[in-house]
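Trainee: I would like to learn how to read the packing of a chain like this one. Please take me through it feature by feature.

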Amino acid sequence: AQLYRRIELRSYKALKSFRESVTGSSSIAESVRHLYIEAGDDSRNIEADDEDAFNAASERRRLRLRSDCDDRKIVTPVDFAALVPSLNRLESLETLALDEQLLDVVFLDQEASRSLSSLQDVECARQEGRLVPDECDAGRWVQRLSCLPRLANLTLRQWCIDRPIVPAMPAPPSFPYLTRLVLQAGPTSAQPSWIGPALDKMAPNLVELELEDWKLEWFTSALATAPVGLRVLSLINTSEFVCGETPSRAPVNDVLGRFKNLEQLRLGHGALDMSEPTAGLNALLALDKLQHLIFDDTDLLTDSFLLALLSNPNHLPNLATLELNHVSSTRGRTVKSMHGALPPRKERRQHSHWPMWGDWVAPWYVEGCSERGQLEVWTAAVERGVLLEGEARTSIDWRDAFEAEQRAAHLALGDLTGDYLRARPVLGNDVVDAHILARMRARTAGGEGGEAGEGGEV
């Protein structure tokens, strides 16, 4: 039974095979608790024998002419509707780019969805087409979700779809047991403001809310309707991760003060106005219960802002963890991690710090930040008893780590070749001589003889 407790299906053929297995054994269906389906898109649910047939199926999907090819689907809505009721002990359902007709079986087919009363976690994501239907079907789709008596976690993700992730509904349903809601939209999202149901009416007992988009304009209006009892809030800006994309900005300073019970807050790029230290501070100071504060990569997070936040113990008195990701650096491979190996000699013209491995990248500081300022932030955090985490934390002692590895690599090269001429101008004669002397003493004590002398560089 444990073998079928968690099922992951990554193609429509796998889904078809699973349906056939379940049909032949009710004990398999009753064992399934977690089901993950990543099946591509609508057009891949087609019995296509060649590239032309596949392209034709894609075009039919694009034109939304779906009924003419239902009989050619690998898994038809009828097949899926026969499968769903048998999964009556399912606790978690996650779908990625599932054929929208199959997705509708779960949320529009009353008979099929009635059997899913054990569902606690639902995550649905689509890259094309649509996630939630338009107009009257939207109400029915969400209404079926609200009829799941144990539903506690709901995640809706859509990309490359130019429509709101949750459309307006004249009579929105209520999710009384929903405690976690994640809404993620993509680059073509057409949602300048939140038009969906008021979140405090839709999910009055919501504890955790995550909003994610390339464009943050709708965050403020959505938060204005969110339950004030939120304890975890994440506002994520995905545009900052896309090369060449100008990160979106839409500060939520004016609405943060509603959530006085917040214990964890994640702020993406542009979600908070920090153009002046007091601007960001004023938005945060009302959050007395905040314990964990996360800042994603942002070019507005300055040393002065962080010092103002940390220097006064009355600012966020319960703050225990501060995660900063605005200063980036890379600690590369080391002689130790490579089990004593050094990079090939041919790479010495590619990397100025050869014989170190070449994947070390020095910290990059945004405007308003510096190495000295980050050290002051670190000191202030230690004095407050605040744990500092994130990429910026690893950058604080990057230079010390770099210099230690520089020493290790240059001395390892000298040990390997008997030639320390490259190490001397970098480490200094005293360091190199002390190292050679220590090795000679160690070899003598071990009865291995003395160290070889230095020659020209190899």
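Mentor: Start with the contacts: among those in the chain between residues at least 6 apart in sequence, 77% join residues at least 24 apart. Keep in mind that this is a predicted model.

Trainee: How many helices and strands does the secondary structure of the chain come to?

Mentor: The chain has 17 helices and 14 strands. Of its 458 residues, 48% are buried.

Trainee: How should I read a nonpolar core, and which residues touch the most other members in the largest one?

Mentor: The general idea is that nonpolar side chains tend to be buried together in soluble globular proteins. Here the largest nonpolar core has 98 residues, and those touching the most other members are F80, L209, L233, L265, L284, L293 and F295. Helix α5, residues 100–108, supplies the largest share of this core, with 6 residues. Another core lies apart from it and has 11 residues, including W360, W398, A401 and A409.

Trainee: Take L293. Which residues is it in contact with, leaving aside neighbours within four places in sequence?

Mentor: With those neighbours set aside, L293 is in contact with L265, L267, L284, L309, L316, L319, T321, L322 and E323. L265 and L284 are also on the list of core residues that touch the most other members.

Trainee: Where is V252 placed, and is V252 buried or exposed?

Mentor: V252 sits in the loop between β8 (232–237) and α10 (253–256). V252 counts as buried because its relative accessibility is 1%, and the cut-off for buried is under 20%. Beyond its neighbours within four places in sequence, V252 is in contact with F219, T220, L223, L235 and A271. For a distance, take V252 and L267: they are 15 residues apart in sequence, and their C-alpha atoms are 9.6 Å apart in space.

Trainee: How do I read a pair of packed helices, such as α15 and α17?

Mentor: Two packed helices are described by the angle between their axes and the distance between the axes. For helix α15 (residues 398–417) and helix α17 (residues 429–445), the angle is about 55° and the axes are 11 Å apart. That angle is why α15 is called oblique to α17. The crossing of α15 past α17 is right-handed.

Trainee: Which residues in α15 and α17 meet?

Mentor: From α15 there are R407, L411 and D415, and they meet V431, V432, H435 and R439 in α17. By type, the residues of this contact divide into 3 nonpolar, 1 polar and 3 charged.

Conventions:
Residues are numbered from 1 along each chain as its sequence is written. This is a predicted model: local features need pLDDT of at least 70, side-chain atom pairs count only at pLDDT 80 or more; totals for chains, interfaces and linings use all residues. Side-chain values use heavy atoms; hydrogens and water are left out. A nonpolar core is a set of buried Ala, Val, Leu, Ile, Met, Phe, Trp, Tyr and Cys residues joined through side-chain atoms within 4.5 Å. Buried means under 20% relative accessible area, exposed over 50%, partly exposed in between (1.4 Å probe, protein chains only). Helices (H or I, at least four residues) and strands (E, at least two) are DSSP runs, numbered from the N terminus. Contact means heavy atoms within 4.5 Å. Axes are lines fitted to C-alpha atoms, for helices over the stretch in contact, and angles run from 0 to 180 degrees between N-to-C directions. Angles under 35 degrees count as roughly parallel, over 145 as roughly antiparallel, 65 to 115 as roughly perpendicular and the rest as oblique. A crossing is left-handed if the near helix is turned anticlockwise from the far one by less than a right angle, and right-handed if clockwise. Ala, Val, Leu, Ile, Met, Phe, Trp, Tyr, Cys and Pro count as nonpolar, Asp, Glu, Lys and Arg as charged, and the others, Gly among them, as polar.
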